[in-house]
Amino acid sequence: MAEVVRNLSRIVEAKRAAQSARPNLRIVMVIMRRNLHELADIVSLAFAHGIDSVFAQHLSHDFRESVLPLRYLPMRDFVERENLLAEDSARVAEAFDAARTRAAVLGVHLRLPPLERERLAPSPRGCDWPWRGAYLTWRGEALPCCMVSTPERFRLGNMLKDGVHEVWNGEPYRALRTALESNCPPEICRSCSLYRHTF
């Protein structure tokens, strides 16, 4: 955590030195039973670094054998154990209320996930991640989104080795976008809990 905060401070300082509003920074927190108590503190952390947006999302993946290699199946147990939807509703509501209050006082935009499962109507594309931002591993490997979780499942190139422009406009990204706009998205996207399409 200390290294993450240190690197965040470096990015913020670089923006100030360049007098630039970019890159836009937002903290994304995957909310679990074990870190629920930290939600309000994450809001404070964002404020302390001049970040005006915190996006909290559920721990949500599909770990069926058809989607994930067998060696990753123990992750299913972790998800079921840590999923916030299985937590005591009063504890969740208390943590959410505390975070909302902290965000209102500090002027930080806080987006919280729903407390109950819901089926969302799909957007025309079903997913817009590959059009609006890249999700990278620490090695620079580009993934379609955070839901993929590991490059062994799906990767689009390495931006650290080959460059952002080349990978972002490369054939794997173009093919993914084309597939997402069709009636036959990639298999890995069909299993996503956010995609919400029926095939």
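Visitor: Why is Glu-171 called partly exposed?

Guide: Its relative accessibility is 48%; buried means under 20% relative accessible area, exposed over 50%, and partly exposed in between (1.4 Å probe, protein chains only). Glu-171 therefore counts as partly exposed. This is a predicted model, in which local features need pLDDT of at least 70, side-chain atom pairs count only at pLDDT 80 or more, and totals for chains, interfaces and linings use all residues. Side-chain values use heavy atoms, with hydrogens and water left out, and residues are numbered from 1 along each chain as its sequence is written.

Visitor: What makes Arg-174 and Glu-171 a salt bridge?

Guide: The term requires a side-chain nitrogen of Lys or Arg within 4 Å of a carboxyl oxygen of Asp or Glu. The closest N and O atoms of Arg-174 and Glu-171 are 2.9 Å apart, so the pair meets the definition. The two residues are three apart in helix H8, which means about one helical turn separates them. Helices here are DSSP runs (H or I, at least four residues), as are strands (E, at least two), numbered from the N terminus.

Visitor: How do you know that Arg-34 and Glu-82 form a salt bridge?

Guide: Their N to O distance is 3.0 Å, so it falls within the 4 Å limit. The two lie 48 residues apart, Arg-34 in the loop between E1 and H2 and Glu-82 in helix H3 (residues 74–82).
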